[in-house]
Amino acid sequence: MRVEKRDSHENSVGVVRTRYFTFSGFKLESGEELSPVVLAYEAYGALNEKRSNAILILHALSGDAHAAGVHKRENNPGWWDSMIGPGKAFDTNKYFIICSNVLGGCKGSTGPSSLNPKTGKSYGLDFPVVSIGDMVNAQKRLIDHFGIEKLLSVVGGSMGGMQVLSWLVKYPDKINSIIPIATAIKHSPQQIAFDEVGRQAIMADPDWKSGNYYEGLPPSRGLSIARMIGHITYMSDASMAEKFGRQKKNNAQNYKFTADFEVEGYLRYRGDNFVKRFDANSYLYITKAMDNFDASEGKSLQEALAGVKVKALVIAFKSDWLYPAYQSKEIVKAFKLSGVEATYCEIDSTYGHDAFLLEVKEETNLISHFLKKVFYKYEVTDNYEI
Amino acid sequence: MRYEYIRLDHRLILELVNPRSSILDLGCGTGELLYTLIKEKNVHGQGIEIDEQAIYKCVKKGLNVFHGDIDSGLAEYKDKSFDYVILNQSLQQIRHVDKVLQDALRVGKKVIVGFPNFAHYKSRLQIFFQGRTPVTGALPYHWYETPNLHFLSISDFVTYCRSKKINIEKSLYLNEKRTITLLPNLFAQAGVFLVSE
């Protein structure tokens, strides 16, 4: 097992920029209306004449529209740069890739930190409750804007996978295939519990001020702790042991309760970094949307999928204890019972939930061949080496 | 694919299935049989396989396959979900053979079972003259490394079907190169059975 080297020059989509799509009169599942709505998005590759090569990539809790390439004068490759580009799993020579920041987010799309047109101030907690279904409905508007009748595939890990399942249930006629990765039909009590601790950490921060912090200091300590908890759940016992061991930091001094161990320093660093790029209220809204999510909307998933003609590739990871493989198997079971054509692979990884960002070689193996099959519409490949 | 290049047991199975039928291949390995069936008979195929590396090879061929063990992968299906459930060279490696066979008969309208014949004369000779567990073309593993959990003969399987009132619709016997009709329990290295409830 290895982490592929990230090479931002070779096989990269190059310099990219985030674009913005604005629409109005957006009805939320709660019945409330949100207007205007902005979706930040990026797109790579070229849409073909038939508009049949478009793939929608859906990001996880803390992700954004910047999935591949680099921004001008910056060095940060997109969050799935190892998978998107010429010759990669999502081959931009063949496919047109779209990734948008979710509704409720804080990286360019409308969310609690956006200006409320009624008050001229940030929404804060006046921002309406949004659901995974709302995120998907907003993405549908973006896809319509591109004039895309039917997506070749919708793909995502973790919360991105939830959006994939929501697309499947809401718009089965608008997609040819789905790739849900390390995800669940709905959150288990354990997953809700971790999210709740994160939310409580934010709300316990005196700087949170019931969400009205945009003119003062943000609740950095609370958000940082929420992120630290998150990172623990994204890794595995084995990956932590391998990465940190019980190694102490070089400059460890004997003050009480300083970050002596490498792992402590790592978590603090991750937490501190996160608060620079993420809005605490968005964290509250988005984690709540995940907890409330139920792909089948109360019914059993196989009932919701009766007659659906979509091909599926379901991927899980052995050491992922936040979204354990049994949750992916529940998705597969619903496909078996409803007759959805599917493939399932449980990749033997030690990276925990983070594996969906790291197991590039294995995912590429599965995804590139699966997409080819869907794109060229064949039952099996013509030839293979015997 | 040139027909004569297809493995003999696969060729026999190919002739047992109707074109455009639906097939579940339990323990499909790298998917060669399933691939052949789809290519030659336009069947609709699904595989189940435990080995991760084999899954990658199946996906590369364009096959639909579920990563998992046969015992639990089968139970989730509704009755008569497939025209055929195939257990080729996997029966002897399943822990709960009886349970899986009953489930296969429930999930499939018909079941195709192929397995190595432990009572082939070469095995008998090795046991008799050397007093050792046989290692033959059809049973290539030493006792300490074999994935096989069960060792059965053609007669064993026929007796089993009779006792469980499983209907044997067709039975075919083969060695490496050709089919066998004379004294199969002695001269066949493998048997392929088409059975139903």
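1. Let's start with B:A104. Skipping its neighbours within four places in sequence, B:A104 is in contact (C-beta atoms, placed from the backbone, within 7 Å) with B:L26, B:L74, B:V85, B:L87 and B:V111.

2. A word on the model: it is predicted, so local features need pLDDT of at least 70 and side-chain atom pairs count only at pLDDT 80 or more, while totals for chains, interfaces and linings use all residues. Residues are numbered from 1 along each chain as its sequence is written, and chains are lettered from A in the order in which they are written.

3. Now the largest nonpolar core, which has 167 residues. A nonpolar core here is a set of buried Ala, Val, Leu, Ile, Met, Phe, Trp, Tyr and Cys residues joined through C-beta atoms within 7 Å; buried means 20 or more other C-beta atoms within 10 Å of a residue's own, and exposed means 12 or fewer. B:A104 turns up again among the residues with the most contacts inside this core, along with A:I55, A:I57, A:I97 and B:V85.

4. In α3(A), A:D195, A:G198, A:A201 and A:I202 are buried. Seen down the helix axis, the buried residues fall within an arc of 115° (taken from the directions from the axis to the C-beta atoms), so they line one face of α3(A).

5. What do those buried residues pack against? Their partners are α4 (220–234) and α7 of chain A. The face turned away from the buried side carries exposed A:P189, A:Q190, A:A193 and A:A204.

6. Finally, the two chains: 21 residues of chain A are in contact with 18 residues of chain B.

Technical notes: Helices (H or I, at least four residues) and strands (E, at least two) are DSSP runs, numbered from the N terminus.
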